[in-house]
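Keep the 3D view open as you read.

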Amino acid sequence: MLAYLIAVESYSMQAVMAAAKAFLAGRVKRENKTFAPSAPEFADECRVQQAHIEAALRPRIEPPAQKEDDSPRVDPRKLQLLRKALNGSLSAKRKLARMFPDNPIIVSAAQDSNKEAAE
């Protein structure tokens, strides 16, 4: 009995009781259910129960509140123009290149389209 007491001394009484109930109810998976668990097996289950208890006591983090304003961050006209450019519209690509002259990808796409149109 002393081995069991030493094995579980660092766990709360609630965890020890929960581990005992789990063993008695057969909820702990083990190879041989004929004999009582060894002190280390019982201590392992106490550790598991203690972790469950501590997790249940931790404060829950609330999800961030949804913003009231769910309007898009980008002007819908720009999105429509981008959609047209992605569908191959040469005029939309040129207009995007004028709107975003510092974006090398957009400018390159407009130049490539100009070359294709010239050929």
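## Helix H2, outside and inside

On the face of H2 turned away from its buried side you'll find the exposed residues Met-13, Gln-14, Lys-21 and Leu-24. Here exposed means over 50% relative accessible area, buried means under 20%, and partly exposed is in between, using a 1.4 Å probe and protein chains only. Helices (H or I, at least four residues) are DSSP runs, numbered from the N terminus. Before going on: this is a predicted model, where local features need pLDDT of at least 70 and side-chain atom pairs count only at pLDDT 80 or more, while totals for chains, interfaces and linings use all residues. Residues are numbered from 1 along each chain as its sequence is written, and side-chain values use heavy atoms, with hydrogens and water left out.

The buried residues in H2 are Ala-15, Val-16, Ala-18, Ala-19, Ala-22 and Phe-23. Seen down the axis of H2, they fall within an arc of 165°, so they line one face of the helix; the arc is taken from the directions from the helix axis to the C-beta atoms. H1 and H3 are among what covers them, with contact meaning heavy atoms within 4.5 Å. Just after H2, Gly-26 takes a positive phi of about 80°.

## Helix H3

H3 runs over residues 39–57, and its 19 residues should span 27 Å at 1.5 Å a residue; the end C-alpha atoms are 27 Å apart, which agrees. That expected span is 1.5 Å times one less than the number of residues.

Ala-39, Phe-42, Ala-43, Glu-45, Cys-46, Gln-49, Gln-50 and Ile-53 are the buried residues of H3. They cover an arc of only 160° around the axis, which puts them on the same side of H3. Pro-40 and His-52 are exposed on the other side.

## A buried glutamine

Gln-49 sits in helix H3 and is buried, with a relative accessible area of 16%. Not counting residues up to four places away in sequence, Gln-49 touches Ala-15, Ala-18, Ala-19 and Ala-22.

## The core

The largest nonpolar core has eight residues in all: Val-8, Val-16, Ala-19, Ala-22, Phe-23, Val-28, Phe-42 and Cys-46. A nonpolar core is a set of buried Ala, Val, Leu, Ile, Met, Phe, Trp, Tyr and Cys residues joined through side-chain atoms within 4.5 Å.

Key: Helix = DSSP H or I, 4+ residues; strand = E, 2+ residues; numbered from the N terminus.
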